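Hi,

Here is the structure I said I would pass on. Have a look, and then read on for what turned up in it.

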Amino acid sequence: MSTAPAKQLDLTPPPVVRTIAQRSLIVGVVFGVIAILLAVNNPEEFYRAYLLGFMAWLGVALGSMAIVMIRHLTGGGWGVVIRRILGAAMRTLPLLAALFIPILFGIHKLYIWAQPLDRIADKHLREHLEDITRTYLTTRGFILRAVFYFAVWNLLSFLLSHWSKQTDRAGARDNTDRFKAVSGPGLILYGFTISFAAIDWVMSLDPSWISTIFGLVILIGEVLSAMCFAVVVERILFNYKPMSEMLTPDFVHDHGKWMLAFTMVWAYFNYSQWLIIWAGNLPSEITYYLRRLNGGWGYVGLFIVIFHFAVPFGILLSRPFKRNIRKLVWLAAWLMLMRYLDLFWIIEPNFSKTLNLPLADVVVPIAIGGLWLAYFFRNLGALPLLPVYDPSAIEVLQPQHHHPENA
């Protein structure tokens with residue numbers, strides 16, 4: 001099935017995409033140089049900041065892939081209008097695989113289980129690590145599992161992107177069934193792989209602590225980041241054609257509703273984790289919250305509760321607000337900042353008992369983000385902003401080009 005009216009609509013990304021890509025690259029390089037200087041001066045702080053920045057931007061890429069698969073399973077024009085934005089984000093996974101390499105060099109500085117056990121003063125922790133480092137937390141296993149995670153993610157991204165690119169040509173086959181066949185198992189694979197990746201890369205920073213819901217906390221944070229990022233990008237593109245003609249208040253409303261849903265689920269998962277650990281009151285579990293409720297970290301946690309959930313939840317209940325892209329974009333940008341703060345609250349207390357914001361925790365994520373955004377906008381500019389010969393494209397084109405009153 002083809003969408004003939006698309007022939008009269010120029011779907012080429014606007015020149016601003018290339019401009020932003022160039023400026024992002026400059027920012028990435030400049031902050032990257034500063035990050036290298038910080039790494040030389042204080043390697044420990046650098047690697048902590050690097051893990052923080054990497055997890056933040058990886059979340060946008062993986063969350064985008066998850067939303068693409070959700071859209072293929074559920075349908076709806078809301079996902080078609082941002083599909084190329086989400087696709088450009090998930091196609092940054094090869095870059096993120098390369099950016100993971102510095103973490104491998106910093107294993108011994110980040111993870112206590114990768115250090116010689118005779119240096120660990122705590123007898124109980126040392127005995128615990130003697131058991132777990134024989135079976136799961138080994139450097140070789142850490143690396144092999146990471147290779148597997150990125151192989152799965154890049155394979156899913158390749159298949160979804162390859163079939164999507166085919167729909168830019170006239171006479172393209174209908175790949176709807178292919179998308180569904182991959183998206184169902186793909187979401188399951190994504191759920192399992194990101195859960196284990198979260199255990200390997202983040203939860204094992206404190207190997208004495210366990211949580212069976214931690215992977216879901218990271219997962220929902222990623223899809224929330226991705227939807228917020230898509231709203232920010234669509235707002236930038238809304239100043240130019242063709243996005244100004246494709247993005248209707250109904251689609252914006254749907255994006256706002258997804259933001260509301262993901263915000264509520266994020267709060268539910270975090271509250272569930274806290275409730276279960278508080279009720280169990282086990283020494284192996286409460287250390288997580290003891291670290292994050294003392295030394296000033298409790299104020300950060302309270303700030304996150306209020307401004308990551310309570311305030312955004314109240315604002316997103318407003319229907320007019322969710323339908324106005326000029327207003328929604330500000331909340332989307334704020335929630336992305338809160339996602340960074342949430343990851344900071346999760347990662348940094350493992351290394352600092354008192355509230356501390358090292359310069360590296362700001363510089364390094366910006367450096368990674370500059371490089372990531374440059375690659376993202378390069379991807380975005382490589383394809384039309386709509387898969388015009390995909391049957392689902394009619395859901396975006398029809399309101400403007402098929403109604404008799406607009407003829």
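The lining of the largest pocket splits into 21 nonpolar, six polar and three charged residues (Ala, Val, Leu, Ile, Met, Phe, Trp, Tyr, Cys and Pro count as nonpolar, Asp, Glu, Lys and Arg as charged, and the others, Gly among them, as polar). This is a predicted model, with local features needing pLDDT of at least 70, side-chain atom pairs counting only at pLDDT 80 or more, and totals for chains, interfaces and linings using all residues. Residues are numbered from 1 along each chain as its sequence is written, and side-chain values use heavy atoms, with hydrogens and water left out.

Back to that pocket: its volume is about 690 Å³. Of the 30 lining residues, Trp57, Phe229, Met336, Leu337 and Leu373 are the closest to the centre. Two or more lining residues come from each of α1 (16-41), α2 (43-74), α11 (214-237), α17 (325-347) and α18 (360-382). Helices here are DSSP runs (H or I, at least four residues), numbered from the N terminus. As for the terms, on a 1 Å grid over the protein atoms alone, a pocket is an open set of points with protein on both sides within 12 Å along at least five of seven lines, a cavity is a set where a 1.4 Å probe fits but cannot get out, and lining residues have an atom within 4 Å of a point. Grid points are joined across faces, edges and corners, and a volume is the space filled by probe spheres set on the points.

There are also three cavities of 30 Å³ or more in the whole structure. The largest holds about 70 Å³, and α2, α4 (83-90) and α9 (139-166) each give two or more residues to its lining. The largest share, four residues, is from α4. By class, this lining has three nonpolar, four polar and three charged residues.

The second largest cavity has about 40 Å³ of space. Tyr288 and Arg292 are among the residues that line it, and Arg292 also sits over the face of Tyr288, 3.9 Å from the ring centre (CZ of Arg within 6 Å of the ring centre and within 35 degrees of the ring normal). Arg145 does likewise over Tyr136, at 3.8 Å.

Last, have a look at α10 (residues 176-201): its 26 residues reach 35 Å from first C-alpha to last, close to the 38 Å expected (1.5 Å times one less than the number of residues). At Gly186 this helix bends by about 25 degrees, the angle between axes fitted to the seven residues ending there and the seven starting there.

Cheers
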